[in-house]
Amino acid sequence: MVEKTHTAGDVTSGFWPRLPSEIQSIARRVVNYFAPESDASATGECYEINVELPGVAQEDIDLSVHDNVLMVKGEKKYQREEKGKTYFFSERAYGAFQRSFRLPPDSQGDKIQANFKDDVLNIVIPKSSPQKEAAQKIEVRKG
């Protein structure tokens, strides 16, 4: 059996072992690029969604509801001043993002409130109050 060894001059010596972790890193960045991290919770009165948007300006966030789907869109704008700096790498992501949430049937999409503080978008969706049906008198007929 012949054992293959890699030398410093071999262009593939460091490539293949790093490939899976590089692909994983790219996949994580793609997921984060298109869908920022969030959490959702509920109380008796409302649903609450928190979306992490570090580095995004409030004016670059677009929040809308259509067909009972809440859509969070925006953009983290690229800003870098290059005076006297040499960058060796950058792990910061810039660009457009989008995240959607299907609203539960008892939510009031027309009364949603949103606040943006400390890079977290807090969205509060009130629940509809349960409709109490009034008792109906049913006539009992003869025969």
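The largest nonpolar core of this predicted model has 14 residues; such a core is a set of buried Ala, Val, Leu, Ile, Met, Phe, Trp, Tyr and Cys residues joined through side-chain atoms within 4.5 Å. Ile49, Val51, Leu53, Leu70, Leu121, Ile123 and Ile125 have the most contacts inside this core. At least two core residues come from each of strands E2 (46-52), E4 (69-76), E5 (95-102) and E7 (120-126). Leu121 touches Ile49, Asn50, Val51, Leu53, Ile61, Val72, Ala114, Asn115 and Phe116, neighbours within four places in sequence being left aside; contact here means heavy atoms within 4.5 Å.

Among contacts with a separation of 6 or more, 53% link residues 24 or more positions apart. Of the 143 residues, 19% are buried, that is, under 20% relative accessible area with a 1.4 Å probe, protein chains only.

As for the rings, the charged end of Lys127 sits over the ring of Tyr47, 4.7 Å from its centre; the criterion is NZ of Lys or CZ of Arg within 6 Å of the ring centre and within 35 degrees of the ring normal.

A note on conventions: residues are numbered from 1 along each chain as its sequence is written, and side-chain values use heavy atoms, without hydrogens and water. In this predicted model, local features need pLDDT of at least 70 and side-chain atom pairs count only at pLDDT 80 or more, while totals for chains, interfaces and linings use all residues.

Technical notes. Buried means under 20% relative accessible area, exposed over 50%, partly exposed in between (1.4 Å probe, protein chains only). Helices (H or I, at least four residues) and strands (E, at least two) are DSSP runs, numbered from the N terminus.
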